[in-house]
Amino acid sequence: MMAAFRLTAGAVLLSLAAMPVLAADKGVPDAAAIERGRYLATAGDCIACHSVPGGKPMAGGLSLATPLGAIVATNITPSKTHGIGNYTLKQFSDAVRHGVRADGANLYPAMPYTAYAKVTDEDTAALYDYFMHGVAAVDAAPAQTTDLPFPFNIRLSMAGWNMLFLDKKPFVADTAKSMEWNRGAYLAQGLAHCTTCHTPRNALMAEQLSKELGGADLGTWHAPNITSDINSGVGGWSQQELVDYLRTGRTANKAQAAGPMAEVIDHSLKHLNDADLHAIAHYVKSVPAIRDKADTQPVTQWGKAGDELASIRGVPLPQNLNKMSGAQLYDAQCASCHQARGEGSFDGSLPPLFHNSVTGRSNSNNLVMAILDGVERQDGRGAHAGHLMPAFRQTLSDEQIVTLGNYVQKMYGNPAIKVTAEQVTTLRNGGAPSNLIGLARAGIIVGVLVLLALLLWWRGRRRKQA
């Protein structure tokens, strides 16, 4: 990474101390400015959502599952016909930080503009330089477009949502905190948008900031509690352990990344410099603790090595394979990699199943999802880097996954946490449906009825006066 580009904490505080008005569009920036914008775009993980695997960078087309339906990422290359090539700096800023396109239409908050609103004017201008001069234009529109059900297909409805939940104020440094803390807060709250996934949402899909980083379900995967709590969060992790996890997706006897978090690490976090990773870790470890009552001890301390091989020696498999025991399923499907006693691979590439946050947490969705879809990693450029764990979606039935999941929990994790048949079926089918569409439609009907009632009352009053 270019020396002129490295963003030190001290330099960042200088940029945060005063918030300049966005400058007018200028000519072609120099290479250092474009490289700085590229780094910021990497911190924002723009490529993960705006590129399809094997496709052209930032060309859009990726379908993002949400409780309201699929939202298709748009082309954000500098194409003047299908991208953002005609955007001014002001229009770019409004889209990134306020969720409003150049044509005035509102974006959906699947685009984390509520977090990007924290980005400074200076960094927004650097991002603009990169997208306009550092990204190859792709003159083609995504094959699909977003088509949400009524009333969410009316983008103007997002204007009301923004009035309620969008804080447009950019990040302001806390002078009582260290430079490292401020840098970490700026990244975690802004470009890295940690709260977008790790903070629970209310009935209107807005983040409950009083529960910042307290953990949330993301359709099928669960973004865990990463507050400073010793039991439920990362309070028992050292800062270096957290940095190692952000860089590699793995920390021994703690956790390993899978699903959306693995994508974040592969496309974004592992490319950040050491100072920024330490700053993020420092900030995350300072977030007020939130504890799940079910976590009676640190989630990374549950379980121990063990097996039930004696119970299956010489025992024939049942004719109905759905009736296999947990020990039989584990021996057939898991032991070759995780070893017979759950110790993990000898070279450390595959984790032990005990002292593992996946089996220790009070939410077992990630255990089920790892069994269903496996664990894949990318090379950071969108290419497939390999399977760390195979998917068993086509191999195991729901009943077998319930049996296997509960065996793993009993042997190696928190035995009080269960895997249920309803849970496995729901996750296999893409997650629980949202009732927000029904609530919104009911709200519209109630609003119309109220307006009609007021109109009838007004007409009746006018007649009496006449």
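Axes here are lines fitted to C-alpha atoms, for helices over the stretch in contact, and angles run from 0 to 180 degrees between N-to-C directions. This is a predicted model, in which local features need pLDDT of at least 70 and side-chain atom pairs count only at pLDDT 80 or more, while totals for chains, interfaces and linings use all residues. Residues are numbered from 1 along each chain as its sequence is written, and side-chain values use heavy atoms, with hydrogens and water left out.

**Helices H17 and H18**

- In contact, meaning heavy atoms within 4.5 Å, Asp-398, Ile-401 and Val-402 of H17 meet Ala-421, Val-424, Thr-425 and Arg-428 of H18.

**Helices H4 and H6**

- Helix H4 (residues 89-98) packs against helix H6 (residues 121-133) at an angle of about 110°, with the axes 10 Å apart, and the two are therefore roughly perpendicular to each other.
- H4 contributes Leu-89, Phe-92, Ser-93 and Arg-97 to this contact, and H6 contributes Asp-121, Thr-124, Ala-125, Leu-127, Tyr-128 and Phe-131.

**Nonpolar cores**

- A nonpolar core is a set of buried (under 20% relative accessible area, 1.4 Å probe, protein chains only) Ala, Val, Leu, Ile, Met, Phe, Trp, Tyr and Cys residues joined through side-chain atoms within 4.5 Å.
- Within the largest nonpolar core, of 65 residues, Phe-92 and Phe-131 touch the most other members, and H6 gives the most to this core, with seven residues.

Methods. Helix = DSSP H or I, 4+ residues; strand = E, 2+ residues; numbered from the N terminus. Parallel < 35°, antiparallel > 145°, perpendicular 65-115°, else oblique. Buried < 20%, exposed > 50% of the residue type's maximum accessible area, 1.4 Å probe, protein only.
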